[in-house]
Amino acid sequence: MISYEGIINAIVVVLVGFGAFFFLVGTIGLVRLPDFYSRTHAATKCDTLGAGSILLALAVFNGLEPSSVKMIALAALVLLSSPTSGHALARAAHRTGLDYWRLDKE
Amino acid sequence: MKNAAVASLLVIFAIPLLIAVAELPPFGDPDAPIHTHISARYIEQGVEEAGAENLVTGVLLNYRGFDTFGEVTVIFTALAAALAVLLTSGGVQYFQEDRPPAPPKGADESERPPTPVSPVVLFVVRLLAPFIGIFAAFVILHGHVTPGGGFQGGAILGAMFIVLTIVLGAGKVRPRLPEPLARWLQGAAPLSFVLIGALGVAFTGFYLGFPPEHSLHLVRELMMVVLEIGIGVGGAAIFARIFLAMEAD
Amino acid sequence: MSMAFDIFLLLFLIGTALAVAHSKDLLAAAILFSSYSLVLCLLWQHRGAPDVAMTEAAVGAGITTVLFLVTIGRTKRREK
């Protein structure tokens, strides 16, 4: 017997798990990746997908309430601002002539 | 001899102060007057008396309005002094000799035009800046009901100006904040306190006195909103001006 | 649980404060100070002071960091 609450909880668990996975992978990438560009890439994934899907999970968990609208607005804000800041960082680094990592450079 | 006189004078002054401190109730004592009388009064009657749903704002602007007046005056005088130092030195000087020399990357390096602003960043900032402004206005105007108020909203509004300055360039933002207007705006916080203080004299005979009658609930709320707007606008103006003074064109 | 969260935040706070004090790289110190402010903001919120938390987030983590960064950009990055 599948109840409505069960479905909601399943969606929340899947979304939080997705977000936590991206946070973990992004953090590992931030520590382990070789150069600035790939680290920025990892950190941006971490913010966008991780925080975004966890905020969505919170909205689903709250149900149809004013606070859920705020959560979705926050998720939209993160979805806009995080890639933009990543883009600005990478662009600034590229413009100042920061070299990227290559296999033959090691 | 002189040092000994100063030291003995200090000791003579210190003894009564230390005795007075020892007489104070111990910190965190639940039987201290502040917990049995003052806090209880604020919590039980603060919303009714101060006219603000948000107790923090009620205490800050109504019960302790005079302290906040002093605080605002001190903060804004300090900020104005910092701004004065920045403006008299003709903007901040570059320490060129301290910078590492730019890596040589070919002859055309010096002739490269300055980096244009990324269209992505430009679009997103243009999209988000009005929302930041609305949020700042909400935080300022709604400070007596929900957490927030003039200081927080002013910082958010100033941050909006800073983001716009970084992305659009100081040359585009500076005309929006003309010198004579900004000079008045950065004094908005103490000026609003003076205005509301004078209103308080008219109402109750006391500087910054809020009318206590039950029927004047709306007046108390409006006075608080005016104070919040003054603090917010003043804070935003002075943050924006400090940043503009540090930013070259 | 709530207490554990507080203790974790406080330990993080002490860690970032020590890192700010010990860092010779002023840019890193400014960024660390920003993270210190964010953790302090979470702590205020968790202790039930949302007004102070908002001030900390807007002024501590936002404006102060920007002003520090501009100042470092105008002067020197390393402490002697």
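Contact here means heavy atoms within 4.5 Å. The model is predicted. By the contact criterion, B:Phe135 touches B:Ile156 and C:Met54, leaving aside residues up to four places away in sequence. B:Phe135 sits in helix H5 of chain B, which covers residues 119-141. Its relative accessibility is 42%, so B:Phe135 counts as partly exposed. B:Met246 lies 111 residues apart from B:Phe135 along the chain, and 26 Å separates their C-alpha atoms.

Another residue of chain B, B:Glu228, belongs to helix H10, residues 217-246. B:Glu228 is buried but has no salt bridge. The nearest side chain of opposite charge is that of B:Arg220, 14 Å away. Contacts of B:Glu228 were counted without residues up to four places away in sequence. They comprise B:Thr57, B:Leu61, B:Ile140, B:Gly143, B:His144, B:Gly149 and B:Gly150.

Helix H1 of chain B runs through residues 2-23 and has 22 residues. From first C-alpha to last, this helix reaches 32 Å. That is close to the 32 Å expected at 1.5 Å a residue.

Chain C carries a nonpolar patch on the surface. The patch is formed by C:Met3, C:Ile7, C:Leu11, C:Ile14 and C:Leu18. Together these residues have about 520 Å² of accessible area. One of them, C:Leu11, is found in helix H1 of chain C, residues 2-22. C:Leu11 counts as exposed because its relative accessibility is 57%, and exposed means over 50%.

Terms used
Residues are numbered from 1 along each chain as its sequence is written. Chains are lettered from A and ligands numbered from 1 in the order in which they are written. This is a predicted model: local features need pLDDT of at least 70, side-chain atom pairs count only at pLDDT 80 or more; totals for chains, interfaces and linings use all residues. Side-chain values use heavy atoms; hydrogens and water are left out. Helices (H or I, at least four residues) and strands (E, at least two) are DSSP runs, numbered from the N terminus. Buried means under 20% relative accessible area, exposed over 50%, partly exposed in between (1.4 Å probe, protein chains only). Lys and Arg count as positive and Asp and Glu as negative; His and the chain ends are not counted. A salt bridge is a side-chain nitrogen of Lys or Arg within 4 Å of a carboxyl oxygen of Asp or Glu. Patches are made of residues with over 30% relative accessible area and no salt bridge: like charges are joined within 9 Å, nonpolar side chains (Val, Leu, Ile, Met, Phe, Trp, Tyr) within 5 Å. Accessible areas come from the Shrake-Rupley method with a 1.4 Å probe; for residues, only the protein chains shown count as cover. The expected span of a helix is 1.5 Å times one less than its number of residues.
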